[in-house]
Amino acid sequence: MLHFRTFRNPDPPALVKLWNQSVPALASARPLLVHELDVHAFGSVFFDREGLIIAERDGRPVGFIHAGFGADEPAAERPFAASLDMGVVAMLAVAPSPDAPKVAEALVVEAERYLRSRGAKVLYGGGQLPLNPFYWGLYGGAEASGVPSSHALFSSALSGLGYQPVSTTVHLHYDLGQEETRDPRAPLLRRQAVADFDEEPVPTDWWENIALTDFHLTHVRLDSRADGLELAHARTWDMSWFSREDGKVRIGVFGVEVAASHRGRGYGRFLLAEILRHAREHGFDRAEVQTLADNEPALAFYQALGFEPVEQSTVFRLPAPFPDRSLPLAARIID
């Protein structure tokens with residue numbers, strides 16, 4: 001018999017065991033340690049124990065699901081307020097077994113029950129900013145986006161219950177051990193601009209403050225040598241936790257943007273080249289980025305620099321009106 005209950009304080013060791021058994025290593029931190037899950041997922045200001053639901057068989061946890069809400073927008077006005085209109089099924093972990101797909105779907109239904117009880121009008125599967133309130137740094141690669149394709153049980157459970165893909169993100173990585181791609185414009189650009197690496201930045205918004213401050217966040221600016229104006233910027237963070245199984249120390253790059261008045265002049269490529277050089281000098285083995293699959297210019301830009309696609313993540317949405325298919329938690333017992 002399968003029983004469901006909500007989170008209790010002694011649960012993290014059993015949940016970490018489930019994570020390490022079932023969450024794929026390609027886009028997650030593995031092996032995960034108990035205090036890491038406790039602090040970076042359950043220690044969030046958005047954590048609600050009612051939203052973390054555990055499936056038990058004979059008193060033993062065999063799976064868990066975690067659902068919640070992202071921040072209200074604009075976040076600067078109400079930095080720690082959740083927007084309850086849109087809920088997300090953020091994480092699923094189920095012990096390998098013949099009935100794992102059945103357990104996974106049942107857990108998704110329990111997550112729907114919780115989200116509906118809090119007022120959710122739209123349901124998503126797989127987080128994407130701002131609907132990724134818990135697992136940045138632990139899951140989903142450089143930007144904690146969606147359900148990785150390698151996490152097949154999660155995506156199949158969502159698809160089996162009628163969730164539809166609405167957004168696909170491509171994960172790309174760059175092997176810092178390979179020969180550097182030469183840009184013939186680099187000598188000229190180096191005379192025009194300089195990259196500044198702020199290794200101890202003050203978080204610029206609530207998201208950086210709660211999600212990334214423990215992962216050595218760096219702000220990178222490309223400034224004009226002539227007048228000091230910002231030409232482009234990006235951010236990086238230390239993804240070392242994702243390196244435990246293959247030994248490749250990773251750095252994540254995100255938020256790459258060139259000032260509108262300076263686009264088309266090679267500054268984006270020069271900024272990325274400077275970030276890769278800096279990462280190589282600081283002992284990183286790989287750099288990782290993400291971009292939407294339909295953003296062809298961004299994909300071409302990264303691949304021209306030598307980045308290679310390695311994974312995809314998908315955000316799912318349950319079409320409205322979504323079905324009312326959940327009984328109260330106490331009433332749900334599955335054979």
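Q: How much space lies in the largest cavity?
A: This is a predicted model. The structure holds one cavity of 30 Å³ or more. The space in the largest cavity comes to about 70 Å³.

Q: How many nonpolar residues are in the lining of the largest cavity?
A: Residues that line the largest cavity include Ala 90, Phe 134, Trp 136 and Ala 144. Gly 126, Gly 127 and Gly 146 also line the largest cavity. By class, the lining has no charged residues and four polar ones. The number of nonpolar residues is seven.

Q: Is Ala 144 buried or exposed?
A: Ala 144 is one of the residues that line the largest cavity. Its place is in the loop between strand 5 (122-125) and strand 6 (147-148). Buried means under 20% relative accessible area. Ala 144 has 7% relative accessibility, so it counts as buried.

Q: What is the phi of Ala 144 near?
A: Ala 144 is a residue other than glycine.

Q: Is Asp 58 buried or exposed?
A: Asp 58 also has a positive phi, near 55°. It lies in the loop between strand 2 (52-57) and strand 3 (60-71). Exposed means over 50% relative accessible area. At 74% relative accessibility, Asp 58 therefore counts as exposed.

Q: Which peptide bond is cis, with omega near -5°?
A: Look at the loop between helix 1 (12-22) and helix 2 (34-40). Pro 31 lies in that loop. The cis bond runs from Arg 30 to Pro 31.

Q: What is the relative accessible area of Val 89?
A: Val 89 has its place in strand 4 (residues 82-94). Leaving aside neighbours within four places in sequence, its contacts include Ile 65, Ala 111, Leu 115, Tyr 124 and Phe 154. Val 89 is buried. Its relative accessible area is 0%.

Q: How many Å apart in space are Val 89 and Leu 52?
A: In sequence, Val 89 and Leu 52 are 37 residues apart. In space, the distance runs from C-alpha to C-alpha. That distance is 9.9 Å.

Q: Why do the buried residues of helix 8 line one face?
A: In helix 8 (residues 296-304), Ala 298, Leu 299 and Tyr 302 are buried. An α-helix has 3.6 residues a turn, so residues three or four places apart point the same way. On the other side of helix 8, Glu 296 and Pro 297 are exposed. Seen down the axis of helix 8, the buried residues line one face because they fall within an arc of 100°.

Q: What covers the buried residues of helix 8?
A: Both strands and helices take part in the cover. Helix 7 (267-281) is included. So are strand 7 (164-175), strand 11 (250-258) and strand 12 (286-292).

Q: Which residue just after helix 8 takes a positive phi?
A: The place to look is just after helix 8. The phi there is about 110°. The residue is Gly 306.

Q: Which element gives the largest share of the lining of the largest pocket?
A: The largest pocket has a volume of about 630 Å³. Helix 6 (206-211), strand 11, strand 12 and helix 8 each give two or more residues to its lining. The largest share is five residues, and it comes from strand 11.

Q: How many charged residues are in the lining of the largest pocket?
A: The lining has 28 residues. Glu 143, Phe 254, Gly 255, Val 256 and Gln 290 lie nearest the centre of the pocket. By class, 14 are nonpolar and eight are polar. The charged residues number six.

Notes. Residues are numbered from 1 along each chain as its sequence is written. This is a predicted model: local features need pLDDT of at least 70, side-chain atom pairs count only at pLDDT 80 or more; totals for chains, interfaces and linings use all residues. Side-chain values use heavy atoms; hydrogens and water are left out. Helices (H or I, at least four residues) and strands (E, at least two) are DSSP runs, numbered from the N terminus. Buried means under 20% relative accessible area, exposed over 50%, partly exposed in between (1.4 Å probe, protein chains only). The arc is that of the directions from the helix axis to the C-beta atoms. Contact means heavy atoms within 4.5 Å. On a 1 Å grid over the protein atoms alone, a cavity is a set of points where a 1.4 Å probe fits but cannot get out, and a pocket is an open set with protein on both sides within 12 Å along at least five of seven lines; lining residues have an atom within 4 Å of a point. Grid points are joined across faces, edges and corners, and a volume is the space filled by probe spheres set on the points. Ala, Val, Leu, Ile, Met, Phe, Trp, Tyr, Cys and Pro count as nonpolar, Asp, Glu, Lys and Arg as charged, and the others, Gly among them, as polar.
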